[in-house]
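Welcome! Here is a short briefing to read alongside the sequence and the model.

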Number of protein chains: 2
Amino acid sequence: MRTHTCNELHHSNIGETVTLIGWVNSNRDHGGVAFIDLRDREGMTQVVFRPEENAKAAELAKSLRSEDMIQVSGKVEERPEIDGNSTVNPDMATGSIEISASELVIVNKSEVLPFQLDKELSNEDLRMKYRYLDLRRARMTRNLRLRHRITQSTRNFLDADGYCEIETPILSKSTPEGARDFLVPSRMHPNHFYALPQAPQQYKQLLMCGGIEKYFQIARCFRDEDLRADRQPEFTQIDIESSFVTPDDMHGLIEGLLGKVFKDALGVEIPASFDRMTYVDAMNTYGSDKPDRRFEYHLTELSEELKDCEFRVFSGAIANGGVVKAINAKGFAGATQGQIEKLTQTAIEAGSKGLAYIQARDVDRSTWRSPFVKRMTDEEVEALREKLNIEPGDLILFGAGEWESVCEVLGRIRLECANLQNLLEGNEELNFLWVTEFPLLGFDEEENKWNAVHHPFTRPIPEDVDQLIAATKAELDDESQRYAGLRAQAYDVVLNGYELGGGSIRIHEAELQSAMFTALGVTEEEKESMFGHILEAFKFGAPPHGGIALGLDRLAMLICGESSIREVIAFPKNNRGMDIMSASPAAVDFKQLRELRIQSTVKDKPKA
Amino acid sequence: MRTHTCNELHHSNIGETVTLIGWVNSNRDHGGVAFIDLRDREGMTQVVFRPEENAKAAELAKSLRSEDMIQVSGKVEERPEIDGNSTVNPDMATGSIEISASELVIVNKSEVLPFQLDKELSNEDLRMKYRYLDLRRARMTRNLRLRHRITQSTRNFLDADGYCEIETPILSKSTPEGARDFLVPSRMHPNHFYALPQAPQQYKQLLMCGGIEKYFQIARCFRDEDLRADRQPEFTQIDIESSFVTPDDMHGLIEGLLGKVFKDALGVEIPASFDRMTYVDAMNTYGSDKPDRRFEYHLTELSEELKDCEFRVFSGAIANGGVVKAINAKGFAGATQGQIEKLTQTAIEAGSKGLAYIQARDVDRSTWRSPFVKRMTDEEVEALREKLNIEPGDLILFGAGEWESVCEVLGRIRLECANLQNLLEGNEELNFLWVTEFPLLGFDEEENKWNAVHHPFTRPIPEDVDQLIAATKAELDDESQRYAGLRAQAYDVVLNGYELGGGSIRIHEAELQSAMFTALGVTEEEKESMFGHILEAFKFGAPPHGGIALGLDRLAMLICGESSIREVIAFPKNNRGMDIMSASPAAVDFKQLRELRIQSTVKDKPKA
């Protein structure tokens, strides 16, 4: 249907007769002659309909509207000079030529579009309803092609390293650990349900038990969660598992993989290996387990210096076993009242009662603006000045209380300062980091039980393995201390403050896995009914193994320079889990439900 | 954890100290010395535990059992001569060396296996329950790795041709056309359901409307059908769609793709282009729309020759507008009574009332054994002899009645003869074929309505487009004639009698698509509610497009030389749709159903 794409013809093609097919991008009339920019996926070519070539076609061309699909034949010509001015368009790959059209076929007329393609559209619903038009924008086509480049590059890298892509079931089994499952009623087994997988975690471990050694899959995963922020009910991860590996092996693999992906997709080189930081260090210094290290504003501990401070918020917190920490937002002493309020609100949302701060206008403490600085001794002030390197113009922000909470609050404040100060505008750094040695288990005060921080298959670090088993049997008064301090052989890879993915070395012994389930409050009966197959699998010489999963949607989003994963998904759902285009989910025929032996408990049933 | 894999060490490594990790494949005791075949994914290495190297390890080694996971260090040594006989094993890649072990770590002991890995197991349930052990067999590992090779090779081929892999939703919309959908209740929208896609058909066409031009996806598809024979509720297809293509373009693409896949996976060359045959010719000659052409036994029409035959089964069928056809199963005159009965049963299962046959024992018709040959004239017999090339020893099998049914019956008989005669044993031919020009619509006598033969988006051949639109409006007495004879621009690719895949050029105009829905009995209201988005999409300059889908499971099965797709799927379901290993589908917690606002209508509810 075409001899060339719309981005292909150059000066060297002048004189050739060609056929192009594509969309009318624009139609301009110059003295009764139609000048059409014809567009396809690759680019645009200017087509001129001169009456002397084909009067009928030239007449027809005048009626062409944006997005009409047409096929054009004609001769490639040099763009003429008009009134001594060149009409060459140097910004266009085909800008030195035009097609003098002799044939025109209107393949498929377009009605008037619901929105213009060359303008950004903020009405998200309208974009989604006409997603097939929205995708015609160059930006969207580029995003989808970049995403393809990322997956292609991932597969080629892993294949070259002996990894084997294996499909695991989508019709899977519900496991009560983790997020809420999507369920699929079984017609053949009434009152029984498949679940869509939240991740192929167990399957990939069973593949290791099956001797596959190196598995990967670009895998669709599902979580039926309320869709805050930028989440999708289905998402994709680059899922990897390998036998006989150490955390170092996994780090090296992912560094190599990301190196290739960034090279292939963007042509940029990233560091051959990434820094590593323990969870405790990351929290202590950045107040986050996914620190954005493109700016400093380190958290500085001041507990020793302020333990006797007259300001009770500080000294009281320390006396209760907590900490006082602060960050120095350089040059932000001039923060407006509104900005201070915004920061305070951020602190409160993060769980603090308020936000203590000092606006250090000048060197002398008398110039410092702060609700509490007057209650500090000179020694305390000088200690602060030294440890925080306070210079005129700095804004100091404090957190006081329990360690983890203080870190989290100041971590959020730190990011908000950078945001308010526009610290990262135009910053093109790619700052990668491994965060390691996460806690193995976290205590839920409300439910008085322990939960897996990563997931129940994560292995403790070698020195903590025996401790885990011992702790399940220990007699303790304070349940909240039972598994405190146990560390996981888990690791997250972080880019510019985003968690790209995470993984761990897994448990491969039935006894240790069983102890882990005990720690999580799984009864012996539940172990058998829910996890019997994997406990059994570990009894037949299961190999040591570990793995990782990277969030493809987020990786693609960052590589495409987008701020929402919806921009790198062809047909995303909205934040109510709906596809507006096809109106899904939808009511279904009553007969379909009857066959599945289920019924809705909603009284006011919408019509099918 | 290892310096080498178990298939890596050769003569040139002699003298090196190495570390291996893997499974104990066998443990033989020779005069108090343990000889272990250590196995990993890549192969095996012999490890010898001599007491003089490490007495403790040597003692421990004696206790090792099959499938124990061990790590071994030692020196690579030449295999010794014993009593003047070489102990080199030329069948093993590492057969010239052995490891003299100095260290042994038992990584994970194995209990006694439920079945032996080196023997084929016919108990399918047991295999599936312990799939993670079953996968350790070399054959299964090879199958999964070959499947990976196929997908990898597919992706690289399509990528090089500008095709872009794009993920389409799994949480999709139910459409009543086609097979039964799996449904997923929506929690956020009570009494509304997603459906799992039977194929990404509409999405890929919408991507064409979105200007993607060249799409592919190795896509998971779902059908909630009763699982006769070798079907799975979820399966995978290589899904392809392109704008601006003719059937020839698609044929060329797939020929190139399969050429690369067979080369990469098996190292074999296949023809650069495949023969093509219309549906009518395939049915006429082979009695099948997916003919196995590796043997002849062509269907031969005898209606003219037998129209006056005294045997009323023949002449009666012809008088009623039907046909008589026959095949000559060469050299099969000696078929046993049991074989004749088997053939007759095949004919009856295919819809015939019986099976007419002639066992042509010798040249003279008097030697022919047949229930009806005595009622044929000499002229009729001679006409048969000539048209069917009957020679002594041949078996002639007849069908009489309506054309399509006769073709189908004889097509089945033809395959059954080849089966009974072992015609294809050891045959390694790869016989590819395109079958084209399928009927567009088929009439369902029972429901008195027309159904799409391919699917509702298939385009008629150019000369039949106007006819389709006209036929929707024609006033006719006989509904069964309304769309008879309309041909589709559809094509199937066939390998050795298996349909590898099929596709078509699609409708891209709203008017024609609407006419097609009308032909299928879709009301105007249903058009809007079910297909509104795609009819709308065709109104904005949708490009001409077409595509194809290849069944990956079947392709992998044929390439692996297996006879069931379960052998090329890591975790298949059984024929009741169950995963025996994880016991899925399963009862779920009542709370989960309550959140989804559904309940089971089964009275006797199994316990959750």
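The notes below go topic by topic.

This is a predicted model, in which local features need pLDDT of at least 70, side-chain atom pairs count only at pLDDT 80 or more, and totals for chains, interfaces and linings use all residues. Residues are numbered from 1 along each chain as its sequence is written, chains are lettered from A and ligands numbered from 1 in the order in which they are written, and side-chain values use heavy atoms, with hydrogens and water left out.

**Domains of chain A**

- Chain A is split into domain 1 (11-108), domain 2 (295-420) and domain 3 (438-488 + 509-542); such bounds come from an automatic or database domain assignment.
- Taken over C-alpha atoms, the centres of domain 2 and domain 3 of chain A are 38 Å apart.

- Helices (H or I, at least four residues) and strands (E, at least two) are DSSP runs, numbered from the N terminus.
- Strand β19(B), residues 432-436, runs antiparallel to β22(B) and is joined to it by 5 bridges; two strands pair if DSSP finds at least two bridges between them. Phe432(B) has Leu495(B) of β22(B) as its bridge partner.
- Strand β23(B), residues 498-505, is also antiparallel to β22(B), with 6 bridges between them. Tyr491(B) has Gly503(B) of β23(B) as its bridge partner.
- The hairpin of β22(B) and β23(B) has 2 residues between the strands, and Asn496(B) takes a positive phi near 50 degrees there.

**Two helices of chain B**

- Among the buried residues are Leu552(B), Asp553(B) and Cys560(B).
- The cover over the buried residues of α16(B) includes α4 (138-160), β11 (214-222), β12 (234-243), α6 (247-266), β23 and β24 (545-551) of chain B.
- Just after α16(B), Gly561(B) has a positive phi of about 70 degrees.
- Helix α6(B) has 20 residues, which at 1.5 Å a residue should span 28 Å, and its end C-alpha atoms are 28 Å apart, in agreement. The expected span is 1.5 Å times one less than the number of residues.
- The buried residues of α6(B) include Met250(B), His251(B), Glu255(B) and Phe262(B). Just after this helix, Gly267(B) takes a positive phi of about 75 degrees.

**Annotated positions in chain A**

- An unreviewed UniProt entry places the feature "binding site" at Glu177(A), Arg223(A), His454(A) and Arg506(A). UniProt positions are given in the numbering used here, feature names are shortened, and annotations may be inferred rather than shown by experiment.
- Arg223(A) sits in the loop between β11 (214-222) and β12 (234-243) of chain A and is partly exposed, with a relative accessible area of 37%.
- Not counting residues up to four places away in sequence, Arg223(A) touches Ala179(A), Arg180(A), Phe182(A), Gln198(A), Pro233(A) and Phe235(A), where contact means heavy atoms within 4.5 Å.
- Arg506(A) lies in the loop between β23 (498-505) and α14 (510-519) of chain A and is buried, with a relative accessible area of 1%.
- The side chains of Arg506(A) and His455(A) are joined by a polar contact of 3.4 Å. A polar contact is a pair of N or O atoms within 3.5 Å; within protein, one must be able to donate a hydrogen and the other to accept it, and residues adjacent in sequence count only if both atoms are side-chain atoms.

**Backbone details to look for**

- Most residues other than glycine have a negative phi, and most peptide bonds are trans.
- The bond from Ser584(A) to Pro585(A) is cis, with omega near 0 degrees, and a cis peptide bond also joins Ser584(B) and Pro585(B).
- Phe244(B) has a positive phi near 65 degrees; it lies in the loop between β12 and α6 of chain B and counts as buried at 5% relative accessibility.
- Ala583(B) has a positive phi near 55 degrees and is partly exposed, with a relative accessible area of 37%.

Methods. Buried means under 20% relative accessible area, exposed over 50%, partly exposed in between (1.4 Å probe, protein chains only).
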